[in-house]
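Dear colleague,

The structure you asked about is below. My notes on it follow.

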Amino acid sequence: WVMILPYLAWIYVDYSPWKGGMPIWPALRNSWIWRRWAEYFPASLIKAKPAADFSGDRPVLMGYHPHGILSFGAQCNFASNGTGWDDKFPKLSPRVCTLNMNFFTPFLREIIGRMGAIPASAESIKAALKPGNAVILVVGGAAEALDTKPGEYVLTLARRTGFFRLALQHGVDLVPTFGFGENNIYETLPSNSFLRRIQIKAYKVLSFSIPLFHGRGIFTYNMGLLPFRRPLTTVIGEPIRVEKTENPTKEQIEALKAEYIEALRHLYAEWQPRLEPEGKTTLIIT
């Protein structure tokens, strides 16, 4: 208790996660644990255009799609060096956005914070958007998680505006990224109208909600909480250079959104047949 009580108090006065993030510990990001975790699926990271400019001279804002159940693609490829981020993007420090509540959870906050995570709040994202950083946001959030279903990609994006407003206000390089296989690593149960209402209410109160799902167990393959061992490949698209506009108009936000969605659709159309040749899956953006 002599050490625990001061630590608990420290959690509520330490605002470093909201001021650009905690200092990253390379030894933690490079741990063999994350390489083994990536090999489990297996997970991999692809830079769509090897010659694309990621020099670190400008702040980078990446949108990750889809959310899936627990965004394992973002965890494996951005929140650790398990799939070789440091080799592919040596000039960028990844800052993955996660739930605010995680930074009020003892010990968990130290692990994820030292791996580069920051709270998914406007304050912390703005503080982290500086040259040399790549802020990664799962744009669809909890609303998109509710639409997770194997073999389908339904994105909550067309009605988002804050993501694009931030990009304009900070003059970032805006980068679409797609996690192929993210929706396939758990089986989900269909929601009836009553359950859907419960999930939406939980989302409004808790800021997160997920569908009923199951994976596999350690010794069984048809029931459990472990994700299925299915390929999980994240493809990083080309950066869209955004000129800084401190007070963007609605028209400018909508124009940038349209450009981003077009780039995301192009990325999907190019890589989906290569990575998921067993069947054509339609990308739906709402």
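**Notes on the model**

S71 is buried, since its relative accessible area is 9% (buried means under 20%, exposed over 50% and partly exposed in between, with a 1.4 Å probe and protein chains only). Phi of S71 is near 55 degrees, a positive value in a residue other than glycine. S71 sits in the loop between β2 and α4.

This is a predicted model, in which local features need pLDDT of at least 70 and side-chain atom pairs count only at pLDDT 80 or more, while totals for chains, interfaces and linings use all residues. Residues are numbered from 1 along each chain as its sequence is written, and side-chain values use heavy atoms, with hydrogens and water left out.

**Overall**

The protein has eleven helices and twelve strands (DSSP runs numbered from the N terminus: H or I of at least four residues for helices, E of at least two for strands). For 286 residues, a compact globule would have a radius of gyration near 19 Å, and the protein agrees with this at 19 Å (taken over C-alpha atoms; the globule rule is 2.2 Å times the number of residues to the power 0.38). Along the principal axes, the C-alpha atoms fill a box of roughly 55 × 45 × 40 Å.

Buried residues make up 51% of the 286 residues. Of the contacts between residues at least 6 apart in sequence, 78% join residues at least 24 apart (contact means heavy atoms within 4.5 Å). The accessible surface comes to about 14,200 Å², and 61% of it belongs to carbon and sulfur atoms (Shrake-Rupley method, 1.4 Å probe; for residues, only the protein chains shown count as cover).

The mean positions of the 32 positive and 24 negative charges are 5 Å apart. Here Lys and Arg count as positive and Asp and Glu as negative, with His and the chain ends not counted; each charge is placed at NZ of Lys, CZ of Arg, CG of Asp or CD of Glu.

**Cores**

The largest nonpolar core has 35 residues, and L174 and F178 have the most contacts inside it (such a core is a set of buried Ala, Val, Leu, Ile, Met, Phe, Trp, Tyr and Cys residues joined through side-chain atoms within 4.5 Å). At least two residues of this core come from each of α7 (122-128), β5 (133-138), β6 (153-155), α9 (162-170), β7 (173-180), α11 (250-275) and β12 (283-285). The largest share, eight residues, is supplied by α11. Apart from this core lies another, of 18 residues, including W85, V96, A134 and V175.

Leaving aside residues up to four places away in sequence, L174 touches L61, F163, F164, A167, E238, P239, I240, V242, L256 and Y260. In α9 the buried residues are F163, F164, L166, A167 and L168. Their cover includes β2 (60-65), α7, β5, β7 and α11. Just after α9, G171 takes a positive phi of about 60 degrees.

**Backbone**

F41 and P42 are joined by a cis peptide bond with omega of about 5 degrees; P42 lies in the loop between α3 (32-40) and β1 (43-47). A cis peptide bond also joins H65 and P66, with omega of about -10 degrees. P66 is in the loop between β2 and α4 (72-77).

F107, in the loop between β3 (93-98) and α6 (108-114), has a phi near 70 degrees, a positive value in a residue other than glycine.

Regards
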